[in-house]
Amino acid sequence: MFITSKISLNTVIIFLALLSLVTSATIRAENVTEQSYSRSVHDYKIPNVNVVTQDGKKTKFSEVLNHGGPVIVNFIFTSCNAICPIMTAILSKVNATIGSSSPNLRFVSISIDPEHDSPSMLAKYAKKFNASSNWQFLTGDIAEIQQIQRAFEAYRGDKMNHASLTLMRASSTSSWVRIEGIASPDELIREYTLLR
């Protein structure tokens, strides 16, 4: 009887010690935030190709980017029902949070489905996500849009192979920060703050 009680007590002590270790490890793991994206810095040569804005204005892509201030760029298509609405909603939140405090900041979303995404389709998409006047949605000739994708190492051959990618830079003379993966609005704001 005495031996059984001693074994049970030792078992309980070991169990409590293990429980304590597991609980403290779980708490430490919950306190460590895992980054959901990768970050790298690149110098890209911007092609001087023609694009069309959601307002139907024809312009040069280099003029859209080289406007004298910081820029955040992503690639979308309006019929996408996977990552595009998520990324656009994230940029919308970023714009709502820091757009007014960064008056020179421009957002640029480039359609990778220009055959379907007319300026009017992009205007509807922009309205759906409350895009303000500092956010341009671009379409154009498919060959020129693919040239833009290749310049940013974003071309995947088919729109269905589209990956989550956000690019940002502080000015036309700065390097590009490349964010691969779905970064939260707070993470993108932090990355943008690091540019300044």
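**Entry 1: packing of helix H5**

I looked up what the buried residues of H5 pack against: strand S2 (50-53), helix H2 (61-65), strand S4 (71-76), strand S5 (106-111) and strand S6 (135-139). Buried means under 20% relative accessible area, with exposed over 50% and partly exposed in between (1.4 Å probe, protein chains only). Contact means heavy atoms within 4.5 Å. Helices (H or I, at least four residues) and strands (E, at least two) are DSSP runs, numbered from the N terminus.

I noted that this is a predicted model, where local features need pLDDT of at least 70, side-chain atom pairs count only at pLDDT 80 or more, and totals for chains, interfaces and linings use all residues. Residues are numbered from 1 along each chain as its sequence is written, and side-chain values use heavy atoms, with hydrogens and water left out.

Which residues of H5 are buried? In this helix, residues 142-151, I found Ile145, Ile148, Gln149 and Ala151. They sit on the same side of H5, because they cover an arc of only 165° around the axis. The arc is taken from the directions from the helix axis to the C-beta atoms. An α-helix has 3.6 residues a turn, so residues three or four places apart point the same way.

**Entry 2: the ends of H5**

I checked the N-terminal end next. Aspartate 141 caps H5 there, with a side-chain oxygen 3.1 Å from the backbone nitrogen of alanine 143. After H5 comes glutamate 153, and its phi is positive, near 55°.

**Entry 3: cavities**

How many cavities of 30 Å³ or more does the whole structure hold? My search found two. A cavity is a set of points on a 1 Å grid over the protein atoms alone where a 1.4 Å probe fits but cannot get out; lining residues have an atom within 4 Å of a point. A volume is the space filled by probe spheres set on the points.

The largest cavity has a volume of about 50 Å³. Its lining includes Asn74, Met87, Ser164 and Leu188. Helix H3 (residues 83-98) gives the most to this lining, three residues.

The second largest cavity holds about 40 Å³. Gln149 is one of its lining residues, and Gln149 is also among the buried residues of H5. Phe75, Arg156 and His162 are among the others in the lining.

**Entry 4: the whole chain**

I ended with the overall count. The protein chain has six helices and eight strands. Of its 196 residues, 42% are buried. For contacts between residues at least 6 apart in sequence, 74% join residues at least 24 apart.

Key. A polar contact is a pair of N or O atoms within 3.5 Å; within protein, one must be able to donate a hydrogen and the other to accept it, and residues adjacent in sequence count only if both atoms are side-chain atoms. On a 1 Å grid over the protein atoms alone, a cavity is a set of points where a 1.4 Å probe fits but cannot get out, and a pocket is an open set with protein on both sides within 12 Å along at least five of seven lines; lining residues have an atom within 4 Å of a point.
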